[in-house]
Amino acid sequence: MTGHVHHLGTGLAGTLLRRAVLAHSDRAWEAAHRIARDISTQPATAYPNDASLYRGAPALAYALHTAGHPAYRSALETLDETVAGLVRTKLAAARERMAAGQSPQMREYDLISGLTGLGAYFLHRRTRPELLEYVLRYIVRLLLQPVTVGGRTVPGWWTSDSPNGEPSRAWPYGHGNFGLAHGVAGPVGLLALCGRAGFRVPRQQHALVHACRLLEQWSSSVQAGGTAWPETVTADRWHQGPPSATTPGRPSWCYGTPGIARALQLAALACDRPSGRRHAEHALTACLTDPVQLGSLNDATVCHGWAGLALVVAAAAADAAPDSPLPGQVPLLRDLLAAHLDQHPMTDTAGLLTGSDGILLTLHTLSPTRRVSPTWTTCLLLN
C-alpha cells in the first residue's frame, strides 16, 4: 500500500502532481495540500531496490518540486538528501558491475526504475549538479562501452534479463530494449535534455552522435510508409543486424515509435545532426497517418494510449523543422483523445502513467485556451 501511495505512475503521487499543475492555473491549492497531507502520513521508501523516480521518496519529491509551493520547501530539502544517498548507492553498484564486465539489469538504468529516472529528477530539480554529472558520466559509459555476453559483443545497455525484468530461459542472453520507458531511448533522451539545459560531461556529444546512428540504423521501413523500431531484440537478432522491414507495434510513449522518435529528435538537435532530426520527425509523422498503427491504440492513458501519443507529438512539434506537419497534428490528436473519452469511460485509477491523472493532465496541458508549461513532462523525458 505504501509503495502504491508514493507511486507517480499508478498512485497518489501522480494525483498530487496533477493537482499541483492545475493549481498554477486556478490557484486552488487546497486540493493539492490535502493530497500532500494524505501522502505524508506514510513513510516514503528509500530502499535502493524499491525507490526510483516513479516510486517512493523520489516520486514524492518530484511531485512536490513540480508544485513549487513554499509550504513544501523543507520537506523537499529532506527528500533531496534521501534521493542523493539513493543515487550514490545505485551508482556505486553500477560501477562495480561495469568493472566486472557484466551487463546491467534493466532496472539499473531505465527511466521507470533506474538511474535515468533519477537523473531526470535532478534535471528537474537543479539542486545537485554534481550528482547529475555523475549520472551523465555513467550514461555516456553505458552508451559507448560494450560488454561481452555469451562470447559476443553487445552494447553496454544490453540487459541481462528478459523484457519483464526477470531472468528467463526464453531470453538466455538477455535482450536489447529500444523503448523510452525501459530501454536505450531513455538514457539518450536524458543526455540530450541535459545538454540542452547546459549540463555537459566529457564524450557527451560523441555518445549522442553514436546514439543517433544506432537509432537511425535500427529503424526499419513499414508497409504504410515511414519507419518503426523493434520494441525489444534478442541477441541473435542483434548480431544479424536490423531487418529491412518491420511490423510496427502500438504507437505508444513507453515502447513505441513516438517515444523513441522523440529521443532521436532530441539527440539530433543536441549534437546538430539534421539527418537524425529529419528521420525522427518523419517516423513520427508517418505513424500519425497510418490507420493500422492508430487503430492499435485502445486506451486513453499516457503510458500506452492516446494521451501519451498526444504529449509526445506536442513536444516534438515544438522543436520540429519549420516545414514539419507535426504542429498541425497536435489539435487533431487532442480531438482524437477527447473522442475516445466520449466513447469509453475514463479509468477510475490514480496515477500519471496508467491512471486518470495523466489523462486529465494531458487535456489540461494541451488545452488551446490555457498555456500550461510542459516542464512537468521531464519525468516522461519529453521536455
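Reply: A note on the basis comes before the details. This is a predicted model, in which local features need pLDDT of at least 70 and side-chain atom pairs count only at pLDDT 80 or more, while totals for chains, interfaces and linings use all residues. Residues are numbered from 1 along each chain as its sequence is written, and side-chain values use heavy atoms, with hydrogens and water left out.

Me: At what angle do H2 and H17 pack?

Reply: Helix H2 (residues 12-26) and helix H17 (residues 356-365) pack at about 20°, and their axes are 9 Å apart. Helices here are DSSP runs (H or I, at least four residues), numbered from the N terminus. Axes are lines fitted to C-alpha atoms over the stretch in contact, and angles run from 0 to 180 degrees between N-to-C directions. H2 and H17 are therefore roughly parallel (angles under 35 degrees; over 145 is roughly antiparallel).

Me: Which residues in H2 and H17 meet?

Reply: From H2, Gly14, Thr15, Leu17, Arg18, Val21, Leu22 and Ser25 meet Asp357, Leu360, Leu361 and His364 of H17 (contact means heavy atoms within 4.5 Å). The residues of this contact divide into five nonpolar, four polar and two charged. Ala, Val, Leu, Ile, Met, Phe, Trp, Tyr, Cys and Pro count as nonpolar, Asp, Glu, Lys and Arg as charged, and the others, Gly among them, as polar.

Me: And how do the axes of H2 and H3 cross?

Reply: The axes of H2 and helix H3 (residues 29-40) cross at roughly 155° and come within 8 Å. That makes H2 roughly antiparallel to H3. The contact of H2 with H3 has 11 nonpolar, two polar and one charged residues.

Me: Changing topic: how many disulfides are there?

Reply: The count comes to zero disulfides, a disulfide being a pair of cysteine sulfur atoms within 2.5 Å.

Me: Is Cys379 buried or exposed?

Reply: Cys379 counts as buried, at 0% relative accessibility.

Terms used: Helix = DSSP H or I, 4+ residues; strand = E, 2+ residues; numbered from the N terminus. Parallel < 35°, antiparallel > 145°, perpendicular 65-115°, else oblique. Buried < 20%, exposed > 50% of the residue type's maximum accessible area, 1.4 Å probe, protein only.
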